[in-house]
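Let's take a walk through this structure together, one contact at a time. Have your viewer open as you read.

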Amino acid sequence: MENIKDITLEAIRSSMPKPLQDKEIELTHNMSDLGVDSLGFMTITVALETALGISLGSYVAQLVQTQNVGELIQLVAKVYDQQFAEAS
């Protein structure tokens, strides 16, 4: 789970506007407070799919509805576990 957390945090950071990229990211931070908009969520989605080898296409609506960083990490971990459990 820690690896998923780190990868997700890096994906969020890379989608944040340049002036905010040095800001510390807490699990309780709202995505909008970090400057993540709909385009940012798409950037995060592509980065996570590439880094983790998962498909998030059918979860885009849920991703965009996540309110904070912790919720996003939980959703990504859930999808990761489901997709790799199915592959086993």
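Helices here are DSSP runs of H or I with at least four residues, and strands are runs of E with at least two, both numbered from the N terminus. Before going further, please note that this is a predicted model, where local features need pLDDT of at least 70, side-chain atom pairs count only at pLDDT 80 or more, and totals for chains, interfaces and linings use all residues. Residues are numbered from 1 along each chain as its sequence is written, and side-chain values use heavy atoms, with hydrogens and water left out.

Setting aside neighbours within four places in sequence, Arg13 is in contact with Gln21, Asp22, Lys23 and Ile25, where contact means heavy atoms within 4.5 Å.

Ile73 belongs to helix α4, and its relative accessibility of 4% makes Ile73 count as buried. Between Ile73 and Leu63 there are 9.8 Å in space, C-alpha to C-alpha, with the two ten residues apart in sequence.

Now let's see how α4 meets another helix. Two packed helices are described by the angle between their axes and the distance between the axes. For helix α2 (residues 38–52) and α4, the axes come within 12 Å and cross at roughly 40 degrees. The axes are lines fitted to C-alpha atoms, for helices over the stretch in contact, and the angles run from 0 to 180 degrees between N-to-C directions. The helices α2 and α4 are therefore oblique to each other; under 35 degrees counts as roughly parallel, over 145 as roughly antiparallel, 65 to 115 as roughly perpendicular, and the rest as oblique.

Which residues make this contact? From α2 come Ile44, Leu48 and Leu52, while α4 contributes Leu72, Val76, Tyr80 and Phe84. Sorted by class, the contact of α2 with α4 has seven nonpolar, no polar and no charged residues. In this scheme Ala, Val, Leu, Ile, Met, Phe, Trp, Tyr, Cys and Pro are nonpolar, Asp, Glu, Lys and Arg are charged, and the others, Gly among them, are polar. Also in α2 is Gly40, which counts as buried at 4% relative accessibility.

Let's turn to the rings. Rings of Phe, Tyr and Trp (its six-membered ring) pair if their centres lie within 6.5 Å; planes under 30 degrees apart are stacked, over 60 edge-to-face, and the rest tilted. That rule gives a count of one aromatic pair. The ring centres of Tyr80 and Phe84 are 4.5 Å apart and the planes stand at 40 degrees, so the pair is tilted. Because Tyr80 and Phe84 are four residues apart in helix α4 (residues 69–87), about one helical turn separates them. Tyr80 is partly exposed at 25% relative accessible area, and Phe84 is partly exposed at 37%.

Our last stop is Ile54, in the loop between α2 and α3 (60–65). Ile54 is buried, with a relative accessible area of 6%. Not counting residues up to four places away in sequence, Ile54 touches Leu48, Glu49, Val76, Val79, Tyr80, Gln83 and Phe84.

How values were computed
Buried < 20%, exposed > 50% of the residue type's maximum accessible area, 1.4 Å probe, protein only.
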